[in-house]
Amino acid sequence: MDTTPGESKLSEILPESLKDHQDLLDRLDQYANTVLCNETDDLRRSQLLRLYADEVGCPINEKTAAIVLSKAQGQIAGVSIPRKRGEKLDTTPTPWSWEGVIMSGTFNLLVAPPKVGKSALMVGMISAWFHGQEFYLGQKLHGACPKVYIIGTDQPESDWNTLFEREGLVNSDGELSGPIEMLWHTGAPLHLTDEGVKHLAEIAEENPGSFFLLDSYHACCAPLGLEEAASSFDGPARQLSEALAPHKATLAMIHHTNKSVSGGNATNASRGSNALPAAASLTILMNWFKQPAEGQTQSDHRVVLKTQGRAKGTTLLIELEDDGWVHHGDGESVLAAESMQEAADELQGRQADIFDYICERWSDGQFPVVASELADVAKCNASKVNRALRALEKKDLVRQDGQLDPLVSGGRPQLLWLPNIASPEIGETRGKKPTTSRASHEIEGCSPFLHKAPGFRGSSQAGVLPPGTPVELRRGDAWSNGWVIANASKMDSIRAAKLGSPHITISSLRWELDVRLCQSGSQEPGPTELFDF
């Protein structure tokens with residue numbers, strides 16, 4: 001291909017070969033540093049730089065222009081002063097705005113599927129904070145509510161008005177009130193262009209410690225043409241976060257999940273590149289507690305909220321009703337209980353019979369169960385019972401807790417089994433050990449259990465204990481004497497009386513599990529006629 005003298009092969013200069021044209025490069029840098037330093041739009045700056053490059057005889061492509069502009073920006077911004085060895089680090093912990101959910105003075109990312117209630121949750125929290133409530137959905141609100149700025153580009157003004165009316169953030173004339181200073185919406189949007197970020201930074205500088213709610217990231221970045229799967233997807237979010245950080249502003253940014261989300265954490269659920277949740281100090285995931293089957297409508301409107309990030313994690317179970325959000329307790333306990341229930345519902349045959357019996361005995365009076373008493377329940381031998389118990393243990397439905405010591409006459413210790421019970425009050429999924437006797441009050445209607453007591457001196461019939469026989473009761477993890485037999489006609493439902501106080505009795509005791517012969521030798525058998533049973 002022929003070229004004219006006016007045409008130069010400079011038009012074919014690539015970025016890596018610019019070092020061979022240092023003089024031209026220096027002139028381009030100087031132009032970028034001086035003439036273009038006040039130009040904030042990257043696209044316009046690149047276009048102006050390329051026009052100037054044509055004028056000086058150094059046509060460059062878009063990639064070269066980006067390199068030169070980036071270098072010029074670095075020279076203008078300079079280098080920050082680092083923390084040096086020997087200098088004390090700032091160890092001040094990051095405070096909370098909303099305990100466990102929203103960190104103060106930093107970037108929080110709220111990720112959820114459409115129509116779960118992301119905006120409603122944030123507006124509800126802001127309202128509770130402004131109206132002086134100490135807690136919201138069980139989590140503490142810290143300090144006074146600051147000025148609030150809502151970049152609500154994703155919703156029309158009418159939708160925001162609906163949320164504000166429900167939470168008492170508009171007056172009788174329909175005007176914005178409370179802490180909300182500004183609202184951008186679909187009809188009057190603000191986007192995360194350089195100009196938009198600069199404007200928000202100016203607001204934050206004039207109002208330190210303000211709260212910024214951005215809904216949503218996709219809507220606010222739409223004009224930028226960003227590719228969600230690209231690693232640069234987090235660019236505007238990081239730029240905004242860095243602009244607000246010097247002014248101790250709190251940023252809560254809403255983003256949508258991908259279509260396949262069904263739990264997990266916000267990092268995996270976030271739509272597009274994982275770079276966005278990685279840029280946040282705390283990520284919050286909201287999702288339906290129970291996902292509807294394919295083609296079905298959402299009938300269970302409970303929502304699970306989980307947090308993950310540079311602070312302690314929180315899990316809440318909440319639900320949006322007509323008058324606002326309600327709290328259903330600690331989410332971890334409810335999730336654990338739901339998981340256990342699903343596992344229990346899937347049990348069949350021997351495992352189902354054994355698990356039902358263990359739960360029944362625990363419900364009767366927090367009584368543990370030994371494997372030997374399950375043979376009749378499951379109608380199988382001891383080895384099959386033990387295999388079934390271990391299978392239930394792997395499914396986290398039962399657990400082994402202590403053992404029953406052998407009798408004086410000999411024998412092997414027997415393991416005690418309890419059901420795993422989720423407790424919403426204490427947030428635990430393990431069965432909690434009782435602090436009092438497992439038979440601390442009289443219980444009627446215990447499940448039948450045939451177990452023969454050994455014969456002993458003075459008995460009229462092997463397997464029957466006469467009234468007045470000194471015994472020990474299992475109280476917690478220890479055996480306590482000071483008790484005597486009141487009625488032992490049924491070895492699975494023995495009634496014992498307090499020594500010296502025959503009116504104080506405990507029923508539904510099982511031989512060798514809840515009651516046994518005195519083994520300490522400190523209590524001598526007394527005459528049965530001393531007790532009136």
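Reader: What's the strand order in the open sheet of 3 strands?
Author: In this predicted model, the order is E14-E16-E15, and the pairing is antiparallel.

Reader: Which ones are the edge strands?
Author: Strand E14 (369-370) and strand E15 (398-404), each of which pairs on one side only.

Reader: How many bridges join E14 to E16?
Author: There are 2, and the two strands run antiparallel. As an example, Val-369 has Trp-417 in E16 as its bridge partner.

Reader: Ok, and which helix packs on that sheet?
Author: Helix H12 (residues 349-365) does, touching E14, E15 and E16. The direction of H12 makes about 80° with that of E16.

Reader: Switching topic: what's the order in the open sheet of 9 strands?
Author: That one goes E7-E6-E8-E9-E3-E10-E11-E12-E13, with mixed pairing. E7 and strand E13 (324-330) are the edge strands.

Reader: How do E3 and E10 pair, parallel or antiparallel?
Author: Parallel, over 4 bridges. Val-111, for instance, has Leu-285 in E10 as its bridge partner.

Reader: And what does H5 touch when it packs on the sheet?
Author: H5 touches E6, E7, E8, strand E12 (315-321) and E13, and its direction makes about 155° with that of E7.

Reader: Which residues of H5 are buried?
Author: Trp-160, Leu-163 and Phe-164. Down the axis of H5 they fall within an arc of 100°, so they line one face of the helix.

Reader: What covers them?
Author: The cover includes helix H4 (118-130) and strands E6 (148-151), E7 (180-184) and E8 (211-215).

Key: Residues numbered from 1 in each chain as written. Predicted model: local features only at pLDDT ≥ 70, side-chain atom pairs only at ≥ 80, totals over all residues. Heavy atoms only, no water. Buried < 20%, exposed > 50% of the residue type's maximum accessible area, 1.4 Å probe, protein only. Arc of directions from axis to C-beta. Contact = heavy atoms within 4.5 Å. Pairing = 2+ DSSP bridges. Axes fitted to C-alpha atoms, helices over the stretch in contact; angles between N-to-C directions.
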